[in-house]
Amino acid sequence: MARKKFQTATDQRHFVMLYHDFLESDLLKTSYEKMLFIALKKFADSKNQCFPSLNKLSEISL
């Protein structure tokens, strides 16, 4: 599968904000667990609920 290129910075792109304490936290032990959490945050609504498919999470987190 061909990887997409990064876009140059614009105000139009969506982003996920992460706090430094999350990155340094021991709650999620591995970088894989942290990447999955970040992928879930991408889909979260205002109530922090999300329901992406396992295929979609797999696609994003590889």
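Modeller: Let's begin with asparagine 48, which is exposed: its relative accessible area is 57%, and the cut-off for exposed is over 50%. Asparagine 48 sits in the loop that joins α2 and α3. Its backbone deserves a look too, as phi of asparagine 48 is near 60°, a positive value in a residue other than glycine. Please keep in mind that this is a predicted model.

Further along, phenylalanine 51 also has its place in the loop between α2 and α3. Despite being a phenylalanine, residue 51 is exposed, because its relative accessible area of 76% is over the 50% cut-off.

Two packed helices are described by the angle between their axes and the distance between the axes. Here, helix α2 covers residues 31-43 and helix α3 covers residues 54-61; they pack at an angle of about 120°, and their axes are 10 Å apart. That angle makes α2 oblique to α3, since roughly perpendicular ends at 115 degrees and roughly antiparallel starts over 145. The crossing of the pair is right-handed.

You can follow the contact residue by residue. On the α2 side there are Met35, Leu36, Ala39, Leu40, Lys42 and Phe43, and these meet Lys56, Leu57, Ile60 and Ser61 on the α3 side. By type, the residues of this contact divide into 7 nonpolar, 1 polar and 2 charged.

Of its 62 residues, 10% count as buried. Among contacts with a separation of 6 or more, 17% come from residues 24 or more positions apart.

Finally, a word on confidence. The chain has a mean pLDDT of 80, with 82% of its residues at 70 or more. Among the elements, α3 has the lowest mean pLDDT, 84, while helix α1 (residues 20-24) has the highest, 86. Where pLDDT is low, the predicted coordinates should not be read in detail.

Note on methods
Residues numbered from 1 in each chain as written. Predicted model: local features only at pLDDT ≥ 70, side-chain atom pairs only at ≥ 80, totals over all residues. Heavy atoms only, no water. Axes fitted to C-alpha atoms, helices over the stretch in contact; angles between N-to-C directions. Helix = DSSP H or I, 4+ residues; strand = E, 2+ residues; numbered from the N terminus. Parallel < 35°, antiparallel > 145°, perpendicular 65-115°, else oblique. Left-handed = near helix turned anticlockwise from the far one by under 90°. Contact = heavy atoms within 4.5 Å. Nonpolar A, V, L, I, M, F, W, Y, C, P; charged D, E, K, R; others polar. Buried < 20%, exposed > 50% of the residue type's maximum accessible area, 1.4 Å probe, protein only. pLDDT = per-residue confidence, 0-100.
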